[in-house]
Protein chains: 2
Amino acid sequence: MSIRFYNGKVLTLAEGTTVIDRGEVITEGDSILYAGPAEGQEYSSIIKDLKPDREIDLKGNLIMPGFKNCHTHSGMAFLRSMADDMKLDDWLNKQIFPREALLSGEDIYHSTRLSIMEYLTSGITGICDMYLDPDAIARAAEETGMRCVQCGGLNNFSQSVDKLNDWYERLNTGSSLTSFRLGIHAEYTCSEELLKRVSELVHEKKAPLYLHISETEFEVQGCRERHEGLSPFEYLNKLKLFDYGAVVFHGVHVSDEDLRIIKDKDISVVLNPASNAKLASGIAPVSRYLKEGVRLGIGTDGPASNNCLDMFREMFLTTALAKLRENDASAVDASEVLSMACSGGARAIGIPECDCLAKGKKADLIVIDLDSPNMQPLNNILKNIVYSGSKSNVKLTMINGVIRYEDGRFNIGDEPENIYREVKKTVDRINKEIG
Amino acid sequence: MSIRFYNGKVLTLAEGTTVIDRGEVITEGDSILYAGPAEGQEYSSIIKDLKPDREIDLKGNLIMPGFKNCHTHSGMAFLRSMADDMKLDDWLNKQIFPREALLSGEDIYHSTRLSIMEYLTSGITGICDMYLDPDAIARAAEETGMRCVQCGGLNNFSQSVDKLNDWYERLNTGSSLTSFRLGIHAEYTCSEELLKRVSELVHEKKAPLYLHISETEFEVQGCRERHEGLSPFEYLNKLKLFDYGAVVFHGVHVSDEDLRIIKDKDISVVLNPASNAKLASGIAPVSRYLKEGVRLGIGTDGPASNNCLDMFREMFLTTALAKLRENDASAVDASEVLSMACSGGARAIGIPECDCLAKGKKADLIVIDLDSPNMQPLNNILKNIVYSGSKSNVKLTMINGVIRYEDGRFNIGDEPENIYREVKKTVDRINKEIG
């Protein structure tokens, strides 16, 4: 299958953030065959004998790499709007945990599919997902065609080192769409004994660890009390959990020493601005991270804590909250945010093959409608996307060379009504069981 | 013209925030004839002889009052994305002011129409607008059918007391859609002599004053230095500018004494969370305002400072930033935010006839598509709207009984392409003149 997108503006993000005014993108199978100006020698030699299966007139709209939602819990969609405006403790203990205890793999599969629909409407072509049942998540991602880097969420109460090992062996074979990475929930939910066994697994696999870290001040203080004054970064580093790198979610409350560890161990940090605001966790030091050259991605967090799976909201918040934090309206430029949301995010979660539009890269891309009031005038397309862009501007989402969303219609192997109905069944059953 | 919306969920906001599961809304001319359950005596007596011109099957979707964008500068749309990520001083003096000096009324008319298109896509049925040329704004609002409460933006450099008086006399006659209120830009742009003359006008008209106030800490400090230690609220109150009430925009940095004045003078406060974040101005004390019973509305501010004219973003930010400020995830409940955005906002800017769906109220309403992944499951429709809602969920926007936006199409007396082209002409001409 080959698709030619012509008559459009192209933002490749391959080198800088320049928008090519008259460009084309051509896909072949799951990859990009060409992305660049609609002229020149390379273009001519490709277009000469090209027989695409479909040609799409972009009508001057923008084609660009898809967004990477670098931290989420897709399977929590059934919990949306069920537990907001609550203290964090009440939220977790009274609402979330009792309901999660009643979840089946099938429930998680359906909620994950619902979240994937939302990702597609928001131009998200890749996710980094952590939830209870990796088999169910992998199945949902494969069937709907979502690129999904999964990680374990091991803690004292669910999953196990053996299970992590099993998923790592089974879920990393045979698919270019889904993969599984070693992961734990967080320091505060894992015993030292458990963490030491995870450290052994990390060294056995020579693999980076994915985890929540330093999301709240309370968590950092608690860790220091539990572990002789060490912060979560310091403590886990002492246990040699970062010896093959790490991908950490949140990183809101970090010290100078934490930053030293992040740089020393080449750790990627995933920002979750909306969730951190809504749960009153704080604002991450984005300017500082950028200054130190830390690899950054952006995530929505799960639909129970955000509650929206919308990268446009996250992009705006990434810069707007940084500006508030630094008391400086010039902090964190839009182009840096857009890079984080697309290419930086891909590299942060370990899918560099999806970081930009260039020959040989995966065909994970989106088309943005510029012919909308919020995208006019076209003074600066990048800033339009970051500051006034909206999921309503997403015309098309392609993953691995397959168009999964186009003009409001989904191509995900099932009808939306079926997915909505199944998630409602989960909600109704659990509400009934809880009483 | 009578339109019947049937087979839907209805949120009237007339009494509390309960959603009627099976309801109808019937409009007659510019007003609501019925809004309530599809049963009962009142409903039966109305439906019996009803011959609507059009019947719209809501298919289970939600109908509710439109959002009120209580502070904006619509005519600044030509500046979108032209001056972001800059210090406030550079933004104003190097980018905004030189360009505004070159604006014509015709330019403002076209940019205002572009902004109105964006309002419609976001379910906004009423705006409170302040910009340079009230005649051009009124014309744009009348032609496109937008409900527009305008106010003066008098300062030392533009407009005059005589002009305010003239607009007040001319632009408050003969239209139920547009009106003009007395207004100044802000304390820091007005001489005391000018403010005293405005105070006379306020007393002559016995009318409330609309103005920016206490947006930044710098502004408040400057006022205290200029005026014997008085805050902007204290100083303007001393000049008797609030004797007939006021509608103030921003109100980010307020003291206990300021709050006393706000309550004493029955002043409405309009929050602008996105703009205040993006320009690093701060976070308004929303929890405190609510506790004190202050009448609150929400605004986007103008497209050069936000840059998005999207009430969904503002609603999320109103509560999320309050949660951050108070370090409390339970601060400012979603239902309070939704009320501010619709009914509270209408009362705040002085159009109480548009505050809810009830017999005799103006037919300013929207239809929200619940059949979208971000609105599923329907655990709590109110929280869905505030936390995961998006302009992509707006199916229909009606103002004054006329449908102005439906399924992505506009009914505003002109074609989108023409409006985009005219705004581009403004941009190109001014860029050329500036060189």
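Because the model is predicted, local features need pLDDT of at least 70 and side-chain atom pairs count only at pLDDT 80 or more, while totals for chains, interfaces and linings use all residues. Residues are numbered from 1 along each chain as its sequence is written, and chains are lettered from A and ligands numbered from 1 in the order in which they are written.

**View 1. Chain A touches chain B.**
The contact joins 53 residues of chain A to 53 residues of chain B; two residues are in contact if their C-beta atoms, placed from the backbone, lie within 7 Å. On the side of chain A that touches chain B, at least two residues each come from α2 (88-100), α3 (105-121), α10 (273-278), α12 (311-326), α14 (381-388) and α15 (416-434) of chain A. Helices (H or I, at least four residues) and strands (E, at least two) are DSSP runs, numbered from the N terminus. The most residues, 6, are given by α12(A). Sorted by class, this side of chain A has 26 nonpolar, 13 polar and 14 charged residues. Here Ala, Val, Leu, Ile, Met, Phe, Trp, Tyr, Cys and Pro count as nonpolar, Asp, Glu, Lys and Arg as charged, and the others, Gly among them, as polar.

**View 2. The axis relates chain A to chain B.**
Two copies of a chain are related by a rotation about an axis and a shift along it. The superposition is by least squares on the C-alpha atoms of residues with pLDDT of at least 70 in both copies. The two copies are thus related as by a two-fold rotation axis. In chain A, A:Ser392 has the C-alpha nearest the axis, 2.4 Å from it. Both copies use the same surface, as 100% of the contact residues of chain A recur in chain B.

**View 3. Domain 1 of chain A meets domain 2 of chain A.**
Domain 1 covers 2-65 + 354-410 and domain 2 covers 67-352; these bounds come from an automatic or database domain assignment. Taken over C-alpha atoms, the centres of the two domains of chain A are 28 Å apart. Domain 1 puts 25 residues into the contact and domain 2 puts in 28 residues. On the domain 1 side, α14, β16 (394-399) and β17 (402-406) of chain A give two or more residues. The most, 5 residues, come from α14(A). That side has 14 nonpolar, 5 polar and 6 charged residues.

**View 4. Helix α12 (residues 311-326) of chain B packs against helix α13 (residues 334-348) of chain B.**
The axes of α12(B) and α13(B) are 10 Å apart, at an angle of about 135°. Axes are lines fitted to C-alpha atoms, for helices over the stretch in contact, and angles run from 0 to 180 degrees between N-to-C directions. The helices α12(B) and α13(B) are therefore oblique to each other (angles under 35 degrees count as roughly parallel, over 145 as roughly antiparallel, 65 to 115 as roughly perpendicular and the rest as oblique). From α12(B), the contact takes B:Met311, B:Met315, B:Thr318 and B:Thr319, and from α13(B) it takes B:Ala334, B:Val337, B:Leu338, B:Met340 and B:Ala341. These residues divide into 7 nonpolar, 2 polar and no charged.
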